[in-house]
Amino acid sequence: MDITLFLFQLMNGVQYGLLLFLIASGLTLVFGVMGILNLAHGSMYMVGAYLAYYFVNTTGSFGVAAVISAIIALLLGILIERTLIIRLYRRNHLDQVLLTIGLIFVFNALQSLLWGNDPLGVTVPTWLDGAIPLTDMIEYPVYRLFVSLLCILIGIGMYLTINRTRLGMLIRAGESNRDMVECLGVNINRLYTLVFATGVALAAIAGIVSAPMVSVVPGMGEHVLIACFVVVVIGGMGSIKGAFVGALMVGIVDTFSSIMLPQLSSMMIYILMAVVLLVKPKGLFAH
Amino acid sequence: MQNKKNRLRNLVTTCATAGLISAGAAIAAEPVKVGVMLPFSGVYAALGDAGRNGLKMALQENTAQLHGRKIEFLEMDTEAKPERAPELASSLLDKDKADFIIGPVHSGVAMGMSKVLRNKDAIMIIPNAGAAAATGPLCAPNVFRTSFSSWQPSYPMGKVALDAGYKKVVTMSWNYGMGKESLDAFEESFTAGGGEIVKKILVPFPKTEFQPYITDIAATAPDAVFVFFAGGGAVKFVKDYAALGLNGKIPLLGSGFLTEGTLEAQGDSAEGILTTLHYADNLDNPANKKFRQNYQDSFGKPADIYAVQGYDAGLLIAQAINTLGGDISDRKALIQAMESSTIDSPRGKFTFSKAHNPVQDIYLRKVEHGENQVLSIAAQALEDPARGCKL
């Protein structure tokens, strides 16, 4: 593999990893802060993509569609937390798994009713529809670079919010001792609602920005969910930094194994996970 | 959406009523039981819906051929899960005593069904699954197919590629039965004519992270690329291929499923792709025009290849019942009637091979302005070699 090809593949891997990070960050945030294992997280990614499809076609503008879809996702997150998740805080993980798996079925059925089962596509917004020629054969689409940049910005934003703001401090405090935070007069319920809705919105935003790059199809959420769990487990459940590092590792390993070890490529990310767990049983950055 | 549902319901009801009225004429006649084993949920749900729509439309249009027999549909959702297939098939066969069992979409499910239904009393009609084995080593007197064998749509493309002057080709597909069989069929005719497969890429199913592979193809710089992908994967592949700038630089060839039911989602990125298939939306024949019009009116959306194949399964049943004057109790006679029928399909007339697979024309199509335009007939009356079939 010559150096240019290596760099292309590295770009592919990083780009895939960044997108995985965006999806996985919401999952790990909700688990870390609230102790809730949300298996329907992939469904939120799907919801984002379908909403983007719908609003791009009704408003004609990707930007407007993205904003509307993200707001709807945020509201959906609040609704789910207030009506369903709120009943789970004092229960065990099995109950959480049952409820959130149930949600997967509900969202799949809703998707099928509202949009049917044909694969749908969203066109890349014209202002991002360019490509940068890298060699005379390959070019790199501007939109994909934009998505990578967006993932990085969101990642930095999350890092700063959690580590540098009062809200972040409360989140971190709630993470280590819910009851104590409550005793100190903080409305922990409101905090939880906010965190859960943010988690949902992050997955939905990943779905929205992915929509022009992928095919919007039934079941698209389940596929990313598995990769996300690998990312979260490698990074350490609940760690945003871990999700970032884990996602890049998964993206890069998956890309290079696809080319260099095609026979093993479907296993490689799981082997990576197993190796990480052997060395660090709680993941790279677990608390 | 609501509208569509209503229309569908109307059609189904009309279908049932039409059957009921004519059954009044022949009071003694039991209904013909048609089991339907298609995926109505999961990844292939769209294909299952289309197949069912086509099947019911054919039987409704041809009530006159049924000699007063009404049709009773028994529907099972396979969810495209192979492990569920034997149980569902057994239930339709033993409990419901179905006369015909139509299904499935997915080749894995076809294997499970075939295991249970081969050489049994019910007639199995496959309206999609292309697995070579179903009309190859596993062929049986009571198993018919109204779709295609995996070999059929891909084999003619080898010659098309050679005629275009391509010598070195990269092939790519998901690593599963249908994909591998399609690549093999292409390779068979392409290498026989002196072409060379410089790289064969098999992607784990159902992974759609195609970018690394496409980067690799660009580095290999072949004369052309031949792929098998369908549905959502086809959309993603074609978009990735164009996004990395390869569309227009390295010609993309494919089994026709690459651009079936996916063109709207693929948009501009599909322009110029060449594919071979046993159907194209704008085929210029009366059966196709009538079929497309009726389908659009009944279901509120354009028909696709899966609807055609389901429709032809319905035509096959109606025609066989007609030939036998409504009495299908003699299974030998029924099979004989089916074997010798010529189906006036929207894809053009076709007959059945000894292995009960369609002997059909394969069309060469090119995507132009978001449509599969027929360029020529790539192979006339192409018959699957049915390797391993002893019928």
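These legends describe close-up views of a predicted model.

**View 1. A nonpolar patch on the surface of chain A.** Twelve names make up this view: A:Met1, A:Ile3, A:Phe6, A:Leu7, A:Met260, A:Leu261, A:Leu264, A:Met267, A:Ile271, A:Val275, A:Leu278 and A:Val279. Helix H1 (3-34) and helix H11 (265-279) of chain A each supply at least two of the patch residues. H11(A) gives the most, with five residues. A:Met260 belongs to helix H10 (residues 240-260) of chain A. Its relative accessible area is 54%, so A:Met260 counts as exposed.

**View 2. The two domains of chain B.** The domain assignment divides chain B into domain 1 (2-148 + 283-356) and domain 2 (151-277 + 363-382). Their C-alpha centres lie 30 Å apart. Ten residues of domain 1 of chain B are in contact with eleven residues of domain 2 of chain B. About 920 Å² is buried between the two domains, and carbon and sulfur atoms give 65% of this area. B:Phe148, B:Leu283 and B:Ile305 supply 49% of the area that domain 1 buries against domain 2, more than any other three residues. The count of salt bridges between these domains is zero.

**View 3. A salt bridge between A:Arg82 and A:Glu81.** The two side chains meet with an N to O distance of 3.0 Å. A:Arg82 is partly exposed, at 36% relative accessible area. A:Glu81 is buried, at 0%.

**View 4. A salt bridge between A:Arg90 and A:Asp179.** The closest N and O atoms of this pair are 3.8 Å apart. A:Arg90 sits in the loop between helix H3 (62-83) and helix H4 (93-115) of chain A, and A:Asp179 in helix H7 (residues 178-183) of chain A, so the pair ties together parts that are 89 residues apart in sequence. A:Arg90 is exposed, with 63% relative accessibility. A:Asp179 is partly exposed, with 42%.

**View 5. Salt bridges within chain B.** B:Asp121 pairs with B:Arg331 in a salt bridge, the closest N and O atoms being 3.8 Å apart. B:Asp121 lies in the loop between helix H4 (107-117) and strand S4 (123-126) of chain B, while B:Arg331 lies in helix H12 (residues 331-339) of chain B, so this bridge ties together parts that are 210 residues apart in sequence. B:Arg331 is buried, its relative accessible area being 15%. A network of salt bridges links B:Asp49, B:Arg52, B:Lys56 and B:Glu75. Over all chains, the count comes to 27 salt bridges.

Technical notes:
Residues are numbered from 1 along each chain as its sequence is written. Chains are lettered from A and ligands numbered from 1 in the order in which they are written. This is a predicted model: local features need pLDDT of at least 70, side-chain atom pairs count only at pLDDT 80 or more; totals for chains, interfaces and linings use all residues. Side-chain values use heavy atoms; hydrogens and water are left out. Patches are made of residues with over 30% relative accessible area and no salt bridge: like charges are joined within 9 Å, nonpolar side chains (Val, Leu, Ile, Met, Phe, Trp, Tyr) within 5 Å. Accessible areas come from the Shrake-Rupley method with a 1.4 Å probe; for residues, only the protein chains shown count as cover. A salt bridge is a side-chain nitrogen of Lys or Arg within 4 Å of a carboxyl oxygen of Asp or Glu. Helices (H or I, at least four residues) and strands (E, at least two) are DSSP runs, numbered from the N terminus. Buried means under 20% relative accessible area, exposed over 50%, partly exposed in between (1.4 Å probe, protein chains only). Domain bounds come from an automatic or database domain assignment. Contact means heavy atoms within 4.5 Å. Buried area is the accessible area (1.4 Å probe) that two parts lose on being put together, summed over both.
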